[in-house]
Amino acid sequence: MAEPQRRAAVVRRSSCADSGPQAKRQRYTSDATIVVPTQRPGKILQVTLKNFMCHEHLEIKLNESVNFITGENGSGKSAVLTAIMVGLGSRAKGTDRGSSLPALIRNGQSSAEVTVKLCNTGELAYKKDLYGDAIFVKRTIRKDGSSFSIKSAAGKKIASKGKDLEGILDALNIQTDNPITVLTQDTSKTFLFVNDPRKKYQLFLRATRLKHIMDDYESIDRNLRSAEDSLDTKEKVFAREKERAEELKDQANRGKDRKKIEDRVQLLGSHLSWAQVKEKEQALHKEKESVEKITSRVKELEESVKRYEDNKMTADNRRTQLEQQLKEVERELRQIKQHKDERQTHVKGLYQRQRDAAAAAQAAQSKTASLREELGQLMAEVDRQRHGAQPDDVAEERQRQETEQRCQQQLQQLQASEKMQREHLKRLEDSLRQKKSELAELEADMKTKCRNMAELKRRRDDCAANQHDQRGVFGAWVAGVDADVDRLYREGRFQKKPIGPVGAYVRIQDGCERWTRLVETCLQNILTAYLVDNHNDQRGMRSILQKHTGHERVKPRIIVSKFLTQVHDVSRHGIDTSGRWVSVWSVVDIRNPVVANAIIDQTRAESVLLLETDADACDIMAYRQRVPSGCEQALTNTGYRYYPDPRYRTYPAKVPKQPRYLHVTVEQVISDLDSRMLHHRDAVDAVTKRVEAAHAASISDRRQLQEAKSQLGKTDTELETCRLQLRELQGRERPQPVDLQLLEDEVASLKAGIYKAMRAEAPHLAEQERIGVQVEEAKSLLEDDKAALGGVGERTRKLQEELGAAKEDVQQLKRKLDGAGLELEGGRAELARLTKAAAFCQQQLVAAEALAGPHRVEPTKSVAAIQSELDGLQRSLRDKDGEPQRSSRVEDLLEAYSIADECCKKTKMRVQLLRKDVEKFREMLDMREKMRRALEKSLGVRIAIFFGSSVGASNYEGEMKFDHDSRQLTITVEPAAKGDGKGRDPSQLSGGERSFSTLACLLAMWSTIPSPFRILDEFDVFMDEMNRKISHDMLLKEALANSSQFVFISPLNIPWDRADPRVTVHRMHPPKRERHEPE
């Protein structure tokens, strides 16, 4: 059976004079007359829910000023907030109430409806002629999705798309995703609970919409950079067109005067011979310079090898000496530990004997005191009996009862104090455990960063040691690998010489440098690889790489592929790049066919399309008819990988910010490593400071914990004393008439017992004093052992550090020695080869001088240039029959030059105009960025001032510190009750104090961000009564002085007892729903 309609009861607090049944009925009616405040477009006039969450049907008319929604947990208060957010276009995840919209449909129903009525009056009304005084936004939620229906005040449907709703919300300045406009339960709980200053600063950016502005500026900046790249490309195209025009002009001028060509041919013939002589001289000079350079290098390597050998021998001796010292210190450390353990066991035994003696002495003293007290009472009783005095039983009983009552009161107070102290002790222990965990994480992080720092330093040193070899960009190990490969190939242990690293054979074509990062992304798994022809060569290559790259984190691959002399034909299955498409294969220049075939087989580079922007990729890859033939994927300069339709999808690609291997020098690698080391050094320093701060906080917590334990021990002692006194009073019997002779006999017996107890007490006291002396001596010796243990431990640690450094030095020197030895061997072989080449060049020079003749001419061009020009001129001279056609061709060339020159002028003018526009846009963007930063600082100052005054109104002290350069926001609050002068992070406050601080922060941000309405959900559940009263007063004062609409949701009673038409209290009915039904 369907449950009846549920409506929210509206409670408008009136004065105490309202009473009786009629007043009570008015207090729970929703149709009472409301004084309408100043209207403002965007306020929520009414919310209607159908089959939404726990509500079958609910309609709430909201006051345009202040609304309180109260009710028990589960009554559907937060469902109203969720309905407003969903109704105004929010997603389910943004409401913190579910992962999808269908989850918000009431159990047993197939759909739900939410209708939100918005005010549309005033000067800022949105299309008032179309919508009227109100806008109805209706959202229908079904299992398979949702839809919108936007109607005017007259009920006419105007729009049904989400974009139309976004336009309305933007015009009315409604931001449901802004925590300053709508603060949900989960956002309220974590609003100030985060400890990270950067996350707090991000909340500030979201709340002030500065994050949205920054995203827009970044998008504009990306578009400007794309436009600048496009202009650079156009300028390069213009340069090529200009060169083409000049070439046409030169060809026409050469064709106009044949006589000049003939004279030029005669002159070039002489120049060619002497150019060949000059080329031979230059080759000989170059070979001699190479011989001198390699000779100098061989001498340097010989000296380096000798120096490395001496240094390695010294390091080995140092390592052996440190190992021996470490063994001796460790042996001494074990002996001291054993001696210390024995002393600790002895001290524990002395402590136990001392405690036993003290307990025995205490028992004897207690017994003596008890007997003395009992003797005094008996002697007083005997005296009273002898003088005829009778004890006043009534007065004594009354006194005993009063004393017992005082003991019980004291016991209750001590029990309450003990409970509070134990709770405080538990909080301190939890805090100490948390700080220990944070300290352990920080120390682990610091160790990781130190290891990374050491690895970067090792790589930097290796690169610096091999700076002369440009192949070192692939790793410092490349020189050693190449030397071993050359040696083993000369020895015949390779059937075909391995080729690698692959990246050393890959070049980017001129004009295509902007695709370098994407080419590396496509080829990243193969750039450091080595190619071998067969599996036997693979085994030899694997042993070489294991020798030289054992310490590398990422090992280079070995690819087995038959060495072919022809490059694979990719024209049939690759992308056609003759048009506007650009593939990875079309921008690389690979002269080695083996490397080219390996890249084709391993990466299918001919099928990878390169695009500038994501928009181009979406337009092309999302539609099958637009995808180029043979395209399997696309990479964009923005860092994404696209796969074509019909399985269209996209993933982030690991595109490096700067090229790592291609078009990179060793100097650039060293510079990059230096910058990364500087960054890691700063990170290590920052973590070190955090570790030191965590250590200090942990020590402070331990000191507080010790003080709390000491105070708890004192309280437990007082509590036990009070209990003993109470039990003694309760167990005391009323005095009875006694026989005088019996009392005198008992007095004598007690005196004898006292004498006996005193005699028994003396040995225990002497034993206690003697053991105390032994304990102090043993403790002094134990402290000496601890001090010795600390000293030996420190020596052990230093020796271990020195030994680790010595071992690392030995390994590093061994690697350098091996590398220098291999390089020396290669240098000697290169010297022999260059010496033979120099002798051969000398012979060629003598022969060329004999052919050139006796008169030397100094040519101004190279042999190839002269030969090329001479061949062209001779072909022109041989073409005598085509003289009339040549004349016609010259005229065609002049006309083509005129057309090309005019086209170049127009292109240059267009490029210049576009360049000015881009520069102007860049200046405007920079100016707006400066204005945004000024606004950011201004809002931060305003919010900080308002926050301080808000918390100061309740005798709190608070401060918001903005660091706009590092993007950090620090909030500190000091409650008046603490008064210790130490500002606390809101996450360290109690629930009520943190909630009050949250409201103060909200009020501060409200002062900067206008909004037609603001909603707070369960903002006061963690407050005590005092903070809750102060918070309500602050909110009402702000709300009643503001033209915005306010909705406050709370499960608690609202402290509002005044009649005010601007304030309405909506009270939800108690929950009546099925089990597992969402609120």
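**View 1. The loop that holds Pro 646 in the predicted model.** Pro 646 lies in the loop between strand 16 (640-643) and strand 17 (649-652). In this predicted model, the peptide bond that leads from Asp 645 into Pro 646 is cis, and its omega is near 20°.

**View 2. The cis peptide bond between Gly 500 and Pro 501.** The bond joining Gly 500 and Pro 501 is a cis peptide bond with an omega of about -10°. Pro 501 sits in the loop between helix 10 and strand 10 (507-508). Helix 10 itself spans residues 478-490 and is the subject of the next view.

**View 3. Packing of helix 10 against helix 12.** Helix 10 (residues 478-490) packs with helix 12 (residues 535-548) at an angle of about 150°, and the two axes are 10 Å apart. Helix 10 is therefore roughly antiparallel to helix 12, since angles over 145 degrees count as roughly antiparallel. The crossing of the two helices is right-handed. From helix 10, the residues that make the contact are Gly 480, Val 481, Asp 484, Val 485 and Leu 488. Helix 12 contributes Met 541, Ile 544, Leu 545, Lys 547 and His 548. Sorted by class, the contact of helix 10 with helix 12 consists of six nonpolar, two polar and two charged residues.

View 4. Helix 11 covers residues 516-523, and seven of its eight residues are buried, so the helix is largely enclosed by the rest of the structure. The buried residues of helix 11 are Thr 516, Leu 518, Val 519, Glu 520, Thr 521, Cys 522 and Leu 523.

View 5. Within helix 6 (residues 197-207), the buried residues are Lys 200, Tyr 201, Leu 203, Phe 204, Leu 205 and Ala 207.

**View 6. Met 53 in the loop between strands 2 and 3****.** Met 53 is found between strand 2 (44-52) and strand 3 (55-61). The phi of Met 53 is near 55°, a positive value in a residue that is not glycine. Met 53 counts as buried because its relative accessibility is 2%, against a cut-off of under 20%.

**View 7. Arg 967 in the loop between strands 18 and 19****.** Arg 967 is placed between strand 18 (957-963) and strand 19 (968-974). Although Arg 967 is not a glycine, its phi is positive, at about 60°.

**View 8. Gly 98 and its contacts.** Gly 98 belongs to the loop between helix 2 (77-87) and strand 5 (111-119). With a relative accessible area of 26%, Gly 98 is partly exposed. Leaving aside residues up to four places away in sequence, Gly 98 touches Ala 92 and Lys 93. Thr 82 is 16 residues from Gly 98 along the chain, and the C-alpha atoms of this pair are separated by 9.9 Å.

**Overview. The whole protein.** The protein has 21 helices and 22 strands. Of its 1079 residues, 39% count as buried. The accessible surface comes to about 61,800 Å², and carbon and sulfur atoms account for 50% of that area. Among contacts between residues at least 6 apart in sequence, 76% join residues at least 24 apart.

Methods:
Residues are numbered from 1 along each chain as its sequence is written. This is a predicted model: local features need pLDDT of at least 70, side-chain atom pairs count only at pLDDT 80 or more; totals for chains, interfaces and linings use all residues. Side-chain values use heavy atoms; hydrogens and water are left out. Axes are lines fitted to C-alpha atoms, for helices over the stretch in contact, and angles run from 0 to 180 degrees between N-to-C directions. Helices (H or I, at least four residues) and strands (E, at least two) are DSSP runs, numbered from the N terminus. Angles under 35 degrees count as roughly parallel, over 145 as roughly antiparallel, 65 to 115 as roughly perpendicular and the rest as oblique. A crossing is left-handed if the near helix is turned anticlockwise from the far one by less than a right angle, and right-handed if clockwise. Contact means heavy atoms within 4.5 Å. Ala, Val, Leu, Ile, Met, Phe, Trp, Tyr, Cys and Pro count as nonpolar, Asp, Glu, Lys and Arg as charged, and the others, Gly among them, as polar. Buried means under 20% relative accessible area, exposed over 50%, partly exposed in between (1.4 Å probe, protein chains only). Accessible areas come from the Shrake-Rupley method with a 1.4 Å probe; for residues, only the protein chains shown count as cover.
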